[in-house]
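Trainee: I have a model open and some labels to check. Can we test each one against its definition?

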Amino acid sequence: MLNRRLLRIKAFKVLYANEASESQSLDAACKTLLTSCEWTRNLYYFLLGVCPHLVQIAQDKIDSGKSKLRPTPEEASPNMKFVENEFVKLLVQDDKILNYCQKHGLGWADNDIFLRKLFNSIISSDYYAEYMSSPKKSLKEDCKLFKRIFEEEFEDNQMLEDILEEMSVFWIDDLEYTLNVVLRSIDSVSAGNGFNHPDVFLKEDDRDFALRLLTACIQNYDEYAAIIAEKLVNWEPDRLVSTDCVLVIMGLAEAVAFPSIPVKVTINEYVEISKYYSTPKSRTFVNGLLDTIIQEKSASGQIVKSGRGLFTE
């Protein structure tokens, strides 16, 4: 499930917190990293779990309308298309999703206000009106609706972000990536292949990559920090942005510990991460300093890459 960009980000957050708290426990840091990765998968299942609740709210609204003494024609003969959505029916029939959510306590019962606000936003939208008025009835159409719901209602939703942050510190910044995983799972259902039940890591060696990267960073932190300080001519060390320092240290650790990863890939990855977790000037700083130190270490034989095209030009 997790790509290497996100693994680097998670390792960055653990390393930054580890150094800020002056924690010396490598085992604790590695455990925190793995827990963070597991919680991203939890978020995937948690987000999928919202769908049946929306259908239940719609069903409750229909039942309430029918129970009136004098229901309107629309209440007496409601449009059942949403509550009969085939995508949601398949979702509630998927035992793996149900069991996973129950095992990890991933429920929406405590977020009724959010669910009703979300439902009201959905039913007032043009895409919902178009769906309900269309005579087409198919699994693809039902899947298409819930793709629109996740795309339109979940991005930049402050109330949702507050809920996620309260539930888990590991969910901060994971929403956008996980939403894309949810959308791909809906596409899989639409194509007749059922829901994805993702492993935490995309590839078998990604778990090892994440742990080796964090371990290399922690074990060599002081050495690499000293190298950075030496390079900052006429620059007071306390003026160095702490996130920049951590990113450069991670880039050095990765360059040394992973001979098969091209230098260009390593530098580009940490430059990209700096755009979101540091200052506007960090991109140039991280790129320049990493490139300089890596080239020097390569020339001295401290960084050895195997294969073609593994060095910067």
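Mentor: Start with Arg4. This is a predicted model.

Trainee: What makes the Arg4 and Asp205 side chains a polar contact?

Mentor: Their separation is 3.4 Å. The cut-off for N or O atoms is 3.5 Å, so the pair counts.

Trainee: Where does Arg4 lie?

Mentor: In helix α1, residues 4-20.

Trainee: How do you know that the span of α1 agrees with its number of residues?

Mentor: The expected span is 1.5 Å times one less than the number of residues. For the 17 residues of α1 that gives 24 Å, and the end C-alpha atoms are 24 Å apart, so the two agree.

Trainee: What sits at the start of α1?

Mentor: A side-chain oxygen of Asn3 comes within 3.3 Å of the backbone nitrogen of Arg5. After α1 comes Glu22, with a positive phi near 55°.

Trainee: Which residues of α1 are called buried?

Mentor: Among them are Leu6, Leu7, Ile9, Phe12 and Leu15. Arg8, Lys10 and Asn18 are also buried. The label requires under 20% relative accessible area. Their cover includes α2, α11, α12, α13, α14 and α15.

Trainee: Which residues touch the most other members of the largest nonpolar core?

Mentor: Phe82, Phe87, Phe146, Ile149, Phe150, Phe154 and Met250, out of 101 residues. Helix α2 gives the largest share, 10 residues.

Trainee: What is Ile149 in contact with, leaving aside neighbours within four places in sequence?

Mentor: Leu54, Phe82, Ile122, Tyr127 and Phe154.

Definitions and conventions
Residues numbered from 1 in each chain as written. Predicted model: local features only at pLDDT ≥ 70, side-chain atom pairs only at ≥ 80, totals over all residues. Heavy atoms only, no water. Core = buried A, V, L, I, M, F, W, Y, C linked by side-chain atoms within 4.5 Å. Buried < 20%, exposed > 50% of the residue type's maximum accessible area, 1.4 Å probe, protein only. Helix = DSSP H or I, 4+ residues; strand = E, 2+ residues; numbered from the N terminus. Contact = heavy atoms within 4.5 Å. Polar contact = N/O pair within 3.5 Å; in protein donor to acceptor, adjacent residues only side chain to side chain.
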